[in-house]
Amino acid sequence: MTAMVFQVAIGGLLMGLIYALVAAGLSLIFGLMDIVNFAHGELMMLAMFAAFVIWQYAGLDPLMMLPIVAILLFGLGVLIYRGLIARALSVNFNRGMVQIFVTFGLAIFIRGAAQFVFGGEFKSINTGWLAGRTAEIAGVYLPLPQVAASFVCLAAFAGLLLISRTEFGRALEATREDRDAVALIGIDRDHIFALGWGLGAATVGVAGVMLAGFYYVAPNVGANFALIAYVTVALGGFGSLLGALVAGVLIGEVEAITAAVLEPSLKQVGVFGIYMIVLMVRPRGLFGKL
Amino acid sequence: MDNLITRRRRGELWIGAVILVVLILLPLPIADAYTRNLIIISILFAGLAQAWNILGGYCGQISLGHSLYFGIGAYVSTLLFVRLGVPPLVGMFAGGLIGGLIALLVGWPCFRLSGHYYAIATVVVAEIGYLLFLNWDFVGGAMGVYIPFKGDSWVALQFRTQKLPYHYLVLAFATATWIAAWVIEGSRWGFSWRAVKDDVIAARSLGVRVFPSKMAAAAISGFFTGMGGAIYAQYVGYIDPDSTMNGQLAILIALPAVLGGVGTLWGPFLGAAVLTPLSELSRSYLGGSGRGVDLMLYGLVIVVVALARPAGLVSLFGIRRRPKGVADGSPA
Amino acid sequence: MKRIVTSLLAAAAAVVVHGQARAADDVVIGAVYPLTGNGAAVGLDAKAVLEVGQDLLNNKHDAIPMLMGKGGGLAHLGGAHIRIVFADSQNDPQKARAEAERLITQEHAVAIIGSYTSATAATISQVTERYEVPYMSADNSSPSLNQRGLKWFFRTSPHDEMFTAAMFQFFKDIGAKTGHPVKSVALFYEDSIFGSDSSAVQRKLAGAAGINVAADIKYRASSPSLSAEAQRLKAADADVIMPSSYTSDAILILRAMNEIGYKPKAVMAQAAGFQEQGFLTGAGPLAEGVMSRSSFALDATKSRPAIPAVNAVYKAKNNKDLNDNTSREFTALMVLADAVDRAGSAKPDDIRKALIATNVPGNQTIMPWAGIKFDETGQNTEGTPVVQQVTNGTYHTIWPFDLAVQETVWGVGK
Amino acid sequence: MLRLEDVSASYRGLRALQGVSLEVGKGEIVAVVGANGAGKSTLLKAISGQVATEGAIDFEGQDLRRIRPHQIARLGVNLVPEGRRLFPRLSVEDNLRLGAYAKRGDPDRFKPLDLVFSLFPRLQERLAQRAETLSGGEQQMLAIGRALMTQPRLLMLDEPSQGIMPRLVDDILAAIVRIRGLGVTILLVEQRLAEALEIADRAYVLQTGRVVMSGAARDIAGNADVRRAYLGI
């Protein structure tokens, strides 16, 4: 019985950290420029496909391709910012909606493109250093790919925290606080934003690679995580890294407990219910800045 | 100034009347069911987008959860018909009323949230509704509800292969939403809502009661959306949570308004007239390849229109509905 | 903007021209499948196999020992060709309805074939009923579809009630044979029509057979994680887990059980995702020993000599073996083509009469069925399913015993 | 050093500047005075590239209208804006150091810190505090300090005395004079006519977006018409 309680709690924790990692990039981008990236799940899907393709053709272990995919996604993020988002920001009518629907249109486009290139087949990576391996401690089983993903998640958060302590991090923070005033001291907002997008995309790329180690890959896979990611970010508070981490774990646990104790098909209702309750008390999320 | 506004409003009424006449006559020379279906779906989405526009456009509350009201409307009228024999012509209004009521219930907690928090909360509430319906056996759960065909009838809103009756039904629906938007534009409510949209704090200082304003907009918007759902159910003959409450649907309802021109009288209609045929035609003639080309095209059009015409497609016609001198945000 | 409008107009014009350009003597059959979106993988396979069927029907080739196996077009219509026009439903009932309507009114389809998911079948069958065109349901397994008094609905495939009955019959037979009776089952099904339908029948039949339902788990389809659900299965530890899932969740639940160190005693799947190649590669060694009902037995070549030839053509095109879905889609097309041929007419009413008169012996198909014969609801009553088990990455038939190529093995995963 | 010719600009739908021409010479303190809404702030925003303009804005041979705002700042044309626009949740130290962000790679870039601390010793005491916790006067000092960190050649100040205790206004004006003493040219927008004209070399009077008078600061300060026109609004 205790073993089962631990098992459920650990399952929730491991998944929650993944949610947190998926949400971190979203939160970063939102906090930076007040844009909810509706193509976030699709970026993750692209990272998963990238991991799959590298695995299939080069036989690299998922862990080995982390830096490659992170760099690819970083470039993609910068590209998306320069090509689309910078334009959306310069619009001075109806800006909020333009941003939502530009990223939404991009999401549809990416999904179509992924199907065009990869087809609709479900793919999965099932060899690799950790693939399918588990460790047992006192009757509690630890799936090693997820455990690795959790460590990578924590490392990624630590990395983001470190970046925020650097001079660039300060500039990022300053741009977030007053995106127009930074120009007065010679900081190029577009440069900072582009790097911010790159960083956000690279983070979700890391999440995608780790996920590809134990999840399936398909053009629609982003949608399975996107809503949870938005909820994680809003629950934690837009722009707060710590918030994303706490909210991710909270959501993972609520989901696991609802599924284990109540009704599995209603586990997301549990998550969304908690979210609504928290928002009633704290309209800007757990750690949101007012 | 007043004169100018009333003249322009009267002009819009005339344009509306002309377009209505055109739309009444439009299906007559078109014989084939597919094109008529295309027109019906476009008009239905025009009405839905206009319903969304009342809350999202005039009042500025970006709701991404309108699928909930749509689904509720569809379910209420269908269940009333299938279980209790209430004719859909009546059930349609019941669906609308319950849709409006639910919109009020959703608005009560959500309107204290702002910006993206509000948008995501609406998505979440709609998703909760969807999941509950999916698991609620009383309303058919995942199995959905099948509406048996009982013969051509205006009261039951069922027609074997005829499309014309549905055409006039959705046209009446879309016209009603347009008239509602037209009336709102000229009323004190419309003024309050636009004030709320532009600047909540300023609106408050002008004596606008912000919360009741949003609630009123939500109720009207929810009412029409629910009604649209009821019409959809009768038209398609089968409903399930996936097709009437799914989150994508909420976006499909909002999209024509956004790309056509939010907070404008003609934007939602123009948006639906372009987007719905685009989506349907590209699926029909490109989707068969199964390679996602239709999705790519659709996504691309959304991106391009949103960037090239941030004020919506209506701006192509030089229609400016915003009062002069009120810019959106600082030009910096 | 102007450019968008012009290109739209151009597209519309192209469509009109295209519609008129069809050859006069072709018999058009419409096929509605999800070709994009969630069900795309299955829909694209369906498209591939139906195109194979179309080629085999129209072109001259060595005779294949099956219904319509001679090729060269429809003999009674002067060698007219079958032309299949595909439409994408995106798994949306409204779109499926619109596409079926388009195929009938614009493409002049004389019959519709489809549609994989039950929700789309529900609306397509309404359209075909109203337009009085036969609807050949190839792969929809919801029992409720043929119980709505539809005149134009035909289904060659068995439905879930027949499938489930076969699974429980198997439990009984295997218990008698090996002295290893099934005393408890765990139901595990997604929150869709398919899952609800399938589990309802399973619950009913388990009760009738006196088998204990140790767990009854409805889960959210396409969840990010099924680990808590796997935990519940582990806690119940039933003799047999009976999942009703599509491919993605099928992969995920096996992985989730493995992750918590649970090796189920047996898995008996309601086909669907478990019969897909994506599942077999995705789950890899974890899939060893999984059992699934099937309407198709690739290895039944002795009694169904047409299988190797058809499979070879399909494999050459799509790089996969025929499976549960694709074999049923192929068979439905052949039965439909045969009916058109026998009717000697492309009039829907004649085709319907010919379909009602259909009586094909099982060995004239690629299916392990007793035969094809429709009852008054349009359901084929002779579609007898088989049970298969995964060994070395492929399914092998283990029941009925006269078709079995190997013995049943208990235990799942390697 | 800086020359504007026939510059016009619109702000929030209103024509805020109409054909303004002015000149700032190297090492000068030039004051721009005028009533509320006369277009003074828009003028500084136009120079720093924050509003779209017509006409010519020439800084040492470069047309600032063709350059993006952050590049204008990198040229050494720096604005201490109205309302300060500090980064409120960052510390005083971070605010100052960010002023040198654009000069990354230059090992001497933090050198102006000494100057800032000698001008405003209070800032040194408050280094770890968040900018938003400072008083109005301290915030103004920080804003000027941050601008100094960019090593400006032309420093533009928009209403530096606004919202500040009178006692501190003198300190700030004194600091401005000291900054000029270091060779930095100053363009000052002020509503406090007397104080501004006292430290300025030359001045321009703006009214409804036009330059209505210009000349030596002393002359303008002594001109009764200006006072009447200016105070009469």
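Guide: The predictor's confidence in each residue is its pLDDT, on a scale from 0 to 100. In this predicted model, local features need a pLDDT of at least 70 and side-chain atom pairs count only at pLDDT 80 or more, while totals for chains, interfaces and linings use all residues. Residues are numbered from 1 along each chain as its sequence is written, chains are lettered from A and ligands numbered from 1 in the order in which they are written, and side-chain values use heavy atoms, with hydrogens and water left out.

The complex as a whole receives an ipTM of 0.84 and a pTM of 0.87 from the predictor. In chain C the average pLDDT is 88, and 94% of the residues score at least 70. Residues 1-24 of chain C stay under 50 in pLDDT; for this segment the model has eight contacts (heavy atoms within 4.5 Å) beyond four places in sequence.

The interface of chains A and B draws on 48 residues of chain A and 46 residues of chain B. Its buried area, that is, the accessible area (1.4 Å probe) lost by two parts on being put together and summed over both, is about 4,400 Å², and carbon and sulfur atoms give 77% of this. On the side of chain A, the residues that lose the most area to chain B are A:F93, A:M97 and A:F101, which together account for 16% of what that side buries. At least two residues each come from α3 (66-90), α4 (95-118), α8 and α10 (267-281) of chain A, helices being DSSP runs of H or I with at least four residues and strands runs of E with at least two, numbered from the N terminus. Helix α4(A) gives the most to this side, with 16 residues. Between chains A and B there are zero salt bridges, a salt bridge being a side-chain nitrogen of Lys or Arg within 4 Å of a carboxyl oxygen of Asp or Glu.

D:R109 is buried at 13% relative accessibility, where buried means under 20%, exposed over 50% and partly exposed in between (1.4 Å probe, protein chains only). A:E167 is partly exposed at 26%.

A second bridge pairs D:R85 with A:D178, whose closest N and O atoms are 2.6 Å apart. Here too the pair joins two chains, because D:R85 lies in the loop between β6 (77-80) and α3 of chain D and A:D178 in the loop between α6 and α7 (189-212) of chain A. D:R85 is partly exposed, with a relative accessible area of 29%, and A:D178 is buried, with 11%. Both residues take part in a network of salt bridges that also includes A:D180 and A:R189.

Over all chains the count of salt bridges comes to 44.
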